[in-house]
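User: Please examine the model shown below and answer a series of questions about how its chains are built and how they meet.

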2 protein chains.
Amino acid sequence: MVYSTVGATKIMETRIHPSLRTVEWKDNTVVMVDQTKLPNELVYVKYTDYKDVAEAIRNLVVRGAPAIGVSGAFGLALAALGSKASGMEDFLKDMEQARKILFETRPTAVNLAWGLERIMNVARMGKDPVETRKKVIEEAKKMAEEDIEINMRMGKNGSQLFSDNDTIMTHCNAGALATVAYGTALGVIRATKESGKKIRVIATETRPVMQGSRLTAFELKHDGIDVSLIPDTAVGYSMANGLVSKVIVGADRILRTGHVYNKIGTYQVALMAKQHGIPFYVAAPLSTFDMKSTPKDVVIEQRKASEVTGVAGRKTAPDDINVINPAFDMTPPELIAGIITEAGVARPPFEESIKKLFGQGP
Amino acid sequence: MVYSTVGATKIMETRIHPSLRTVEWKDNTVVMVDQTKLPNELVYVKYTDYKDVAEAIRNLVVRGAPAIGVSGAFGLALAALGSKASGMEDFLKDMEQARKILFETRPTAVNLAWGLERIMNVARMGKDPVETRKKVIEEAKKMAEEDIEINMRMGKNGSQLFSDNDTIMTHCNAGALATVAYGTALGVIRATKESGKKIRVIATETRPVMQGSRLTAFELKHDGIDVSLIPDTAVGYSMANGLVSKVIVGADRILRTGHVYNKIGTYQVALMAKQHGIPFYVAAPLSTFDMKSTPKDVVIEQRKASEVTGVAGRKTAPDDINVINPAFDMTPPELIAGIITEAGVARPPFEESIKKLFGQGP
């Protein structure tokens, strides 16, 4: 069930792109990077039962909305393979049971529901189990490839905004490890480097969960991209001392007005960038846009206190202390220089430019 | 050598103020809170040999510039007590040896040199060892009392700037634990509460060394002051959501122009406070002012990478990652609403108001 790092690295070298492959379908199994082991070990885990995939999603072996969506689809592909049904009615019963178990792992993640539904639609249109199994597997593999393609298109669009010798600050992990591969914000950084420009990256550690230290620093170093880690307290210092040319982050939700919801701390990085005249960019696929809500509709999730009162199992604060621990914050459109998507780059005023991305413009 | 928490708490209850007493002279011994054990245990350690006091300063059992200055003085008082010299020449030789050992523990801390020098001046003026021993001990005790008095005067001056029902944000630890007792920024918070105003405090955890979680949250909770802890990434969120009325921090160095050097992260808190129309105050004794230097003279200390790549002995980042880890940053005067000292509150323009505090004004 566990690959050695050496074996896994060998697999990687045959890929279309050398960034980490967070999740993939390989010889009728699902192979994932175990993100709970990072940055100390790069371990790949292999699953043959959809119930183990559900457990992996629940336990954050895999995280990041796009990666979870595809993992759910692969889980259903395993369920299709494992079903012993000889008729379509029994086959769909097995699939529905698997869908339910996979969905309940992270019920609030929009991409998971989307990924499962797309596979179920294929299953429901099937005529016999043998043929449908094949179609389900093909669809899940297609979804993984599409995720990478979208990221690479986004990367190409975004790379034009960055210059030779730029030092790019990023917050949290909008990387290969949050998607199937390549990443959104880090995909743009990869594409910029691939276009021949020399770049350096400054990654904030991103307390409380430290996705910057554990994941971004890890995956950029893995790809040979020059990366320096800073505590979140050193953002202002770095900008005031001329160490930052541009900023790029991912997004969890973008409103039609250009309000961006992303990891806690994003807003203050954007505010400081504005103060120092540093362009602040957001990279996210069109599936991240919520064209219906306004800022007053968006509820910001408060997470458990233990994320702040300790690190990696060590207590760093007194017992029973009050904690304010919001998971996300909101960056208003006036702090954003551009929003990079697979369909192009939206520029202010965002209300118009976002409409154009969706083909609703004048 | 180690007091139980219960016994130590009993000692505290007889004090002039119930805040923690970081360092004190008691029955010819030096008693300190062991800050390396916080926040998990409140342990008092007792020293009878100046070499152990030197070790305590080196190992951060005691930290914070004012606290280190007085600890050095108490170390010399122990050296005076321990000296077997019958003549002044031998006595001064013993004292000089102790001074050197104590000084070398933290050679860059201005207050340590100042504290040691003040005691050596008393020793050098002595006529015989027996009488000089007494004078040295009296001087060291006086220095400790003066530190508390200065903090309490600063607290009284500062408390007038805060209102009933204020929520006050603070960064790092400018508290009882950085001084002999009462604190500078946290002294102002204590004085505000003592003046009958209802207040709440938001403490940033202050990565990388986490003085906010480990020390500020601990000492405010110890004193029964309402405190909430936030990750450094949640400063912007807290301000944007109306959770912060005012900010107060300490300072490591203040220039005559009002440029303030303090713990990394202070600058960005000040910048965000300005953006949100929240007054940002600094509290520091006159001994913190450097009336000679300009910003280009001040070198910012870079600290070791391991502070950022791990927490409490647990690794949180990949091996051999580049790290930028400045200990301090600079907050420019235009972001500061007032500088609170024992001699009064300086208001912008600071070049004039700071001169007045030192009696050099028109």
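**Backbone, strands and interface**

Pro349(A) is placed in the loop between β17 (344–346) and α12 (350–357) of chain A; helices (H or I, at least four residues) and strands (E, at least two) are DSSP runs, numbered from the N terminus. This is a predicted model, in which local features need pLDDT of at least 70, side-chain atom pairs count only at pLDDT 80 or more, and totals for chains, interfaces and linings use all residues. Residues are numbered from 1 along each chain as its sequence is written, chains are lettered from A and ligands numbered from 1 in the order in which they are written, and side-chain values use heavy atoms, with hydrogens and water left out.

User: Is the peptide bond from Pro348(A) to Pro349(A) cis or trans?

Analyst: Most residues other than glycine have a negative phi, and most peptide bonds are trans. Here omega is near -5°.

User: Where does Pro39(B) lie?

Analyst: The peptide bond from Leu38(B) to Pro39(B) is cis, with omega near 0°. Pro39(B) lies in the loop between two strands of chain B, namely β3 (29–33) and β4 (44–47).

User: Which residue is the bridge partner of Tyr261(A) in β15(A)?

Analyst: Two strands pair if DSSP finds at least two bridges between them. β9(A) pairs with strand β15 (residues 328–331) of chain A in the antiparallel sense, over 4 bridges. Within β15(A), the partner of Tyr261(A) is Met330(A).

User: Which residue in the hairpin of β8(A) and β9(A) takes a positive phi?

Analyst: Strand β8 (residues 253–255) and strand β9 (residues 260–263) of chain A run antiparallel and are joined by 2 bridges. Ile254(A) stands opposite Val260(A) in β9(A). The hairpin has 4 residues between the strands, and the one with phi near 90° is Gly258(A).

User: What area is buried between chain B and chain A?

Analyst: The size of an interface is often given as the accessible area lost when the parts come together. Buried area is the accessible area (1.4 Å probe) that two parts lose on being put together, summed over both. Carbon and sulfur atoms give 64% of the total, which is about 4500 Å². On the side of chain B, the residues that lose the most area to chain A, together 16% of what that side buries, are Thr233(B), Tyr237(B) and Ile324(B).

User: How many salt bridges does the rule find across the interface of chain B and chain A?

Analyst: A salt bridge is a side-chain nitrogen of Lys or Arg within 4 Å of a carboxyl oxygen of Asp or Glu. One of them joins Arg207(B) to Glu205(A), with the closest N and O atoms 2.6 Å apart. The number found between chain B and chain A is 2.

User: How are the two copies related?

Analyst: Copies are superposed by least squares on the C-alpha atoms of residues with pLDDT of at least 70 in both. Chain B is superposed on chain A (RMSD 0.2 Å) by a rotation of 179° with 0.1 Å of shift along its axis. The two copies are thus related as by a two-fold rotation axis.
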